[in-house]
Amino acid sequence: MPDAGVSGSAPSPADVSRSSGARAARSDPASPRRIVCLPGDGIGPEVMEQALRAIAALPLALEVAECAFGGAAIDACGDPLPAPTLEACRAADAVLLGAVGGPAWDAGPLRPEAGLIGLRKALDVYANLRPALGEGVDLVIVRELVGGLYYGARGTRADGTVFDTCEYHPDQVARIARRAFAIARGRSRRLLSVDKANVLDTSRMWRRVVGEVAAEFPDVELRHGLVDSVAMQLAMDARSFDVLVTENTFGDILSDLAAGVTGGLGLAGSASLGDRAPGIFEPVHGSAPDIAGRGVANPAGMLRSLALMLEHGLGEPELARVLEAAISAALERAPTLDLGGAATTAAFGAVVVEELRGGVVA
């Protein structure tokens, strides 16, 4: 599905409150939960605006603060993750992120993506959940997010050789495995662990530790698969999968593949969770600088990330289901609403808010 919106009229952005929702769902409405929004770069602010409109339609008491992050923060203060932004994120109940990056910063000494990697590490959000829904597929990839190639030793040797190191400690593997087993226990009680144990020492350790953790979850069936074989099967028959757990790089690749077979990155949301710190909830489509500012970015991935925030960050699974239903209803209207044609970001958001308000009232 292209990164486009839905045609039709939309309420004014002025209708969106940046400080609270419509009604309080907590017993103590005087103590609202705190959300930090990081609009970021490219289409990030555009899709974030639609998330704020949906938040305003929810029966929740929320305090919403926006902070500089990514390329926008580099331009503003020379740091993709300014100290005040990190402090605000640490004090929040959840972090909602738009997108970062773009060619404007490719040649500079600082990259917006460094802020994202730094934020993940600082909050220790080691478990990245990437649901893939659509075309008869309903699966979740549980990706280890703060280890592996992206965080291992790297550098350039005297002879010009460049290296990146894949490093994992058994404790890192055990905690992501426990998270994945718990998720599988709440679904089909099947878990597939993905590695490259026929080649890599890190994968052999991964397989051993996951097998040890399996003893704590005797009611969940564990299988192991090699990443190349799993990728082929995922492309051919994604409907046969339910919950997969894997390391950082493999998870990055497989989750994009899963998004591709269920409609594209424009529809995919994600949740990055730790044990104590607030989670980070973000779409996976990137900043799309080629369409930024045109008002045609598809906000479905952002809105699905908001649904994940409701469920995993704020403990509101029923509202998460209402929002998911509203997004699905908007997507089902695509043939008559010119989705991928002359549609707009704001108009898609308007359809979701219309469906959402009906669902909350119902």
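**View 1. The lining of the largest pocket, by class and by element.** In this predicted model, the lining of the largest pocket is made up of 13 nonpolar, four polar and seven charged residues. The pocket holds about 550 Å³ of space, and of the 24 residues that line it, Pro131, Val140, Leu308, Glu311 and His312 lie nearest its centre. At least two lining residues come from each of β4 (127–134), β5 (137–144), α5 (170–185), β11 (269–273), α9 and α10 (317–332), with α9 giving the most, five residues.

View 2. Helix α9 covers residues 300–313, and its 14 residues should span 20 Å at 1.5 Å a residue, which agrees with the 19 Å between its end C-alpha atoms. The helix is mostly covered, since 11 of its 14 residues are buried, among them Met302, Arg304, Ser305 and Leu310. Gly315, which follows α9, has a positive phi, near 65°.

**View 3. Leu96 within the largest nonpolar core.** The largest nonpolar core has 88 residues, and Leu96 is listed with Ile35, Leu38, Leu119, Val142 and Phe181 as having the most contacts inside it. Leaving aside residues up to four places away in sequence, Leu96 touches residues including Ile35, Met48, Phe281, Met302 and Met309. Apart from this core lies another, of 15 residues, including Val137, Val227, Leu244 and Leu254.

**View 4. The second largest pocket.** About 470 Å³ of space lies in this pocket, which is lined by 20 residues, with Glu113, Leu116, Arg120, Asp252 and Glu282 nearest its centre. Helix α4 gives the most to this lining, with four residues, and the lining as a whole divides into eight nonpolar, five polar and seven charged residues.

Notes: Residues are numbered from 1 along each chain as its sequence is written. This is a predicted model: local features need pLDDT of at least 70, side-chain atom pairs count only at pLDDT 80 or more; totals for chains, interfaces and linings use all residues. Side-chain values use heavy atoms; hydrogens and water are left out. A nonpolar core is a set of buried Ala, Val, Leu, Ile, Met, Phe, Trp, Tyr and Cys residues joined through side-chain atoms within 4.5 Å. Buried means under 20% relative accessible area, exposed over 50%, partly exposed in between (1.4 Å probe, protein chains only). Contact means heavy atoms within 4.5 Å. The expected span of a helix is 1.5 Å times one less than its number of residues. On a 1 Å grid over the protein atoms alone, a cavity is a set of points where a 1.4 Å probe fits but cannot get out, and a pocket is an open set with protein on both sides within 12 Å along at least five of seven lines; lining residues have an atom within 4 Å of a point. Grid points are joined across faces, edges and corners, and a volume is the space filled by probe spheres set on the points. Ala, Val, Leu, Ile, Met, Phe, Trp, Tyr, Cys and Pro count as nonpolar, Asp, Glu, Lys and Arg as charged, and the others, Gly among them, as polar.
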